[in-house]
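This note sets out several points for a student reading the model for the first time. Please keep the sequence and the structure at hand while going through them.

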Amino acid sequence: MAGYGRTLVAFSGGVDSSVVLAAAARALGPAGVAAVTAVSAAVPAAEVAEAAEFCARLGVTHHAVETREMDVAGYRENGPRRCYFCKSTLLDTARRVAAEHGFDAVATGTNASDVAAGFRPGIRAAAERGARTPLADLGLDKAAVRALARAWDLRTAEKPAAACLSSRIAYGVAITPARLARVERAEVAARRLLAAHHVHNVRVRDLGATARLEVDAHLVDAARDDAALHAAIRAAGFDGAQVAVEPFRSGSMNEMLADPERWRRA
């Protein structure tokens, strides 16, 4: 990263972008790097606050910028290429911030596991906009990234993956601020009620008329039998909805595509 020049990191606050930001600060010095975080209905407010705190501890400037992806029809319609429109908006915003503040490069936290995962239209959008991907370029997969975060004593080392709230809404179900808000409320409630079980992964999937709670595999039986948990999810905005409980699977919404291979080639 020392060869990138002044670098702006697209910073979600997760472990991948945390390692990229920390590496940039080590290579370029705190004055040679900054972070930009999306402010959006699809990003939990707690995540933006944690990102700002991480940057403050690292001593780098943090830009929290409204991305307004809800203005993009392709994003709102929530087809299989939703992430393309989202990442396009984020990277266009990041490039504007970089130009305004004299940064030479924009870097993301894409790692080698992401590249190998198959259907990731957001990666294409970032590549089209010239984003640098140091983790993927070095072949660092998720396990290697977490190992590096632990070696550097980053507080995000064991942080669960936290994709944007839009990823919880089934393809074809229109994305609205109200839907995003109810998913966020439901996940906050579920995580609070399952805290005594040391829950790691929590997802509330909005399937339109129904909801699906995904939790760590060892908690599935307990979650299925927890009437208070189901009531809390309904109270969060899923009024009258049936709540199914399944083991957490990253990217499980892609399984609902009629022809996943078609979209991987798109």
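1. A charge is said to sit over a ring if NZ of Lys or CZ of Arg is within 6 Å of the ring centre and within 35 degrees of the ring normal. The charged end of R132 meets this rule over the ring of Y4, at 4.0 Å from its centre. Likewise, the charged end of R81 sits over the ring of Y84, 4.6 Å from the centre.

2. On the basis of these points: the model is predicted, so local features need pLDDT of at least 70 and side-chain atom pairs count only at pLDDT 80 or more, while totals for chains, interfaces and linings use all residues. Residues are numbered from 1 along each chain as its sequence is written, and side-chain values use heavy atoms, with hydrogens and water left out.

3. Helices (H or I, at least four residues) and strands (E, at least two) are DSSP runs, numbered from the N terminus, and two strands pair if DSSP finds at least two bridges between them. Four strands form an open sheet in the order 3-2-1-4, with parallel pairing. Strand 3 (61–66) and strand 4 (105–107) each have a single partner strand, so one side of each is left without a neighbour in the sheet. Strand 2 (residues 33–39) runs parallel to strand 3 and is joined to it by six bridges; T37 has A64 in strand 3 as its bridge partner.

4. Which strands does helix 1 touch? Helix 1 (residues 15–28) packs on the sheet and touches strand 1 (7–10), strand 2 and strand 4. Contact means heavy atoms within 4.5 Å. The direction of helix 1 makes about 170° with that of strand 1; axes are lines fitted to C-alpha atoms, for helices over the stretch in contact, and angles run from 0 to 180 degrees between N-to-C directions. Helix 4 (residues 82–101) also packs on the sheet, touching strand 1, strand 2, strand 3 and strand 4, and its direction makes about 130° with that of strand 3.

5. Rings of Phe, Tyr and Trp (its six-membered ring) pair if their centres lie within 6.5 Å; planes under 30 degrees apart count as stacked, over 60 as edge-to-face and the rest as tilted. By this rule there are two aromatic pairs. The rings of F11 and F54 have centres 5.4 Å apart and planes at 40°, so this pair is tilted. F11 lies in the loop between strand 1 and helix 1 and F54 in helix 2 (residues 45–58), so the pair ties together parts that are 43 residues apart in sequence. The rings of Y84 and F85 have centres 5.8 Å apart and planes at 90°, so that pair is edge-to-face.

6. Buried means under 20% relative accessible area, exposed over 50%, and partly exposed in between (1.4 Å probe, protein chains only). F11 and F54 are both buried. Y84 counts as buried at 15% relative accessibility, whereas F85, at 25%, is partly exposed.

7. In helix 8 (142–151), the residues V145, R146 and A149 are buried. Seen down the helix axis, the buried residues of helix 8 fall within an arc of 95°, so they line one face; the arc is that of the directions from the helix axis to the C-beta atoms. These buried residues pack against helix 1 and helix 7 (134–137). A143 and A151 are exposed on the other side of helix 8.
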